[in-house]
Every structure is written in C-alpha cells, then in structure tokens.
Number of protein chains: 2
Amino acid sequence: MENSLKGLLKIGEIAKITGTAVSALRYYEEIGLLKPTCKSGAKYRYYKKEDISFIAFIKKAQNIGFSLDEIKLILSERNSGKSPCPKVRDLAQRKITELREKVKDLKLMERDLKKYILNCCPEEDSKPDEGNVCKMIDKVKISTKLSQS
Amino acid sequence: MENSLKGLLKIGEIAKITGTAVSALRYYEEIGLLKPTCKSGAKYRYYKKEDISFIAFIKKAQNIGFSLDEIKLILSERNSGKSPCPKVRDLAQRKITELREKVKDLKLMERDLKKYILNCCPEEDSKPDEGNVCKMIDKVKISTKLSQS
DNA sequence: GTTGACTCTCAAGTTAGGTTGAGGGTGTAC
DNA sequence: GTACACCCTCAACCTAACTTGAGAGTCAAC
C-alpha cells in the first residue's frame, strides 16, 4: 500500500457513500466525466473525498435535466485554462428558460390533477356506469389546449 | 371515398397539425397509446379531430415527465368500463410530489446559475490566469450538498 | 497460503422513444 | 392512364445512460 493512497477511496467505497453503481462510476470515467486518481500498481481506481460532492452535483444536475454531456462541458471548461464563461453562461441561461417553461406547465397540470382528485374521488371512488367515469382527462385537455402559447 | 371517412384526418394531416412525426404516430399505435379510426379499405389510418387535442395532451404530459406508459395507463383506465380513480389518483399524487421536489432543486440551481452569471461574467468574460477562472461550480456544489435532505 | 470479497477489462445487452429504409400499394389530378 | 405525392409493413437502427457477464487479477484476513 503506497502512501499516496492515504485518504483515497476505492470505487466500491465511493459508490456506496454516494449511492451510485460501480458500473456507473466506471462509465463516467469512460466518457471523461469523472477521472479517479487511480494510483494503484494494479489498475484499481482511487477517488478523492471531494469527488463525493462532485458526484452529488452530477446527480442533482441530471435530475434537473442536464445531460452528462452538458455537465462534462461545464467541467471541462473549468479544467482547461480557458475562460469557462461564454459557454457555461449560455448553457445556464438556456437551461433557466427551459426550466421556467416546464414549471409553468407543471403547475398547470398540478392544478388539473388536484381538481381531478377533489372532483372525481372526494370520498370513495366513483362507480362506473354512472355517467361519471372520469372527467379529469378532458379537463386536463382543456388546460393543455389553453396553455399552448 | 366512403361516407364514414367524412371529417377524418389522414396521418400526414394530423401529423402536420400537431407537429408530430408520422413515424411517432404509428409508434403510438404500436404501443397501444393512440388508435386511429382507420376505416379505409387499404390500411390507411384515419384520425378524429379530437385526437388533435389528445396528441397535444400527450406532448404536454411527456414534457412534464410522464412516460408514454403512464399516459397509456391513464387512458386505458378511462376506456375500460372500470373506475379509473384509484390508479390514476395514485399516479397523480406521486407525480405531484416528484414534481415539487424537482422544482425545489431547480430553483436552487437557478439561483446558483444566476449568481454565477452576475459574479463571474458581469460585463466581459473573466480572463484566465487571474485567479478568477470560475467560482460557480464550487458554489453549486455547496448548495447541492446543503440541499441533500 | 489460501479463501473470499473486491477489482479489472472488454464486449454485448437493455430501455424508452422513437427514426430510417426497403419494397410495395393507393388515390387523385392532369 | 399515368405521374406523383402519400400511405403501408416490417425489420433494423439510433441515442443516452447505463447494466450484465465472462474471464481474470488483487488484497486483507485468517
């Protein structure tokens, strides 16, 4: 065991901590998203502690809708000596706009779904053959139509 | 031309109106999401006018994060004689929760991205080798860490 | 000094949501 | 009656983001 491996984490360890699959971490390396420090004589991967929060960042960003390629872009711009600003700024601005529109649609649909829950199934489920099968879909359709700006 | 085809739309027509690819509409039929009325002696697909708003609904729902399978579930429950309520209600409730969390994360990241734009590139792009390469990533990391509830 | 958990590479498979292409019918306008 | 745009099926392909499996090396413990 070399000194340089002090404080580093093996792939299985960081996988467990971050709740990520080992195979996913290897995949991130393959696509150039997350390189391990990897000093072992054998080809074992070793990761820094800071990689834990970077992996958390990847997950959040992914959840919000960034692709791994976009995340990679941000990172690679940071790591190159060049100014990362123009590209990242652009990416950020476009993502904000996109997310805003999604939230708008989402709120609309949330309202419709809530209305559906209240109207259609207040206490017990509505019975079939009562002329009340479910009004939700049409309501949603109406809002959907109106919201097509 | 049969009488029964009056007012119906051919696949290319409804595709154009809704901004959907013909191949996508055929795919929707294949997975049982959207059946055409399809009365032609040849196997031409014919769609009702109401399908236009249904296709719009599909697109909105998809954009928000429903899978085609989920959309199909909602629809098939509606079309069966059975009460659609329990399943759809459950689906709706879970989606609302999920969307709420996404909006929270999204707002956090939006804040970070905005800060980045203001701090890092107020007028002109920051130059490299000025000790100011880009502070955004670390800031995002911090919020990301904090927001891990 | 060997067992057993862990790691490696490399190739192939998976899922969703489609697209593309070959090979061939349809329908209507001139 | 023939162009020509449109439609059909079926199979194969595509992308992202991984997962799975085979076959083999590694390491800490007992």
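Q: Hi! Which part of DNA strand D does the side chain of Tyr44(A) lie 2.8 Å from?
A: A base nitrogen of DNA strand D sits 2.8 Å from an N or O atom in the Tyr44(A) side chain. A polar contact is a pair of N or O atoms within 3.5 Å; within protein, one must be able to donate a hydrogen and the other to accept it, and residues adjacent in sequence count only if both atoms are side-chain atoms.

Q: What kind of model is this, and how are things numbered?
A: This is a predicted model, where local features need pLDDT of at least 70 and side-chain atom pairs count only at pLDDT 80 or more, while totals for chains, interfaces and linings use all residues. Residues are numbered from 1 along each chain as its sequence is written, chains are lettered from A and ligands numbered from 1 in the order in which they are written, and side-chain values use heavy atoms, with hydrogens and water left out.

Q: Back to DNA strand D: what lies 2.6 Å from a phosphate oxygen there?
A: That is a polar side-chain atom of Gln62(A). Arg26(B) also has a polar side-chain atom by a phosphate oxygen of DNA strand D, at 2.4 Å.

Q: How many residues surround DNA strand D?
A: There are 19, counting a residue as near if one of its heavy atoms lies within 4 Å of the strand. Ser23(A) and Arg45(B) are among the closest.

Q: Which element gives the largest share of that surface?
A: For DNA strand D it is α2(A), with 4 residues. Helices (H or I, at least four residues) and strands (E, at least two) are DSSP runs, numbered from the N terminus.

Q: Is Tyr28(A) buried or exposed?
A: Buried, at 7% relative accessible area. Tyr27(A) is partly exposed, at 40%. Buried means under 20% relative accessible area, exposed over 50%, partly exposed in between (1.4 Å probe, protein chains only).
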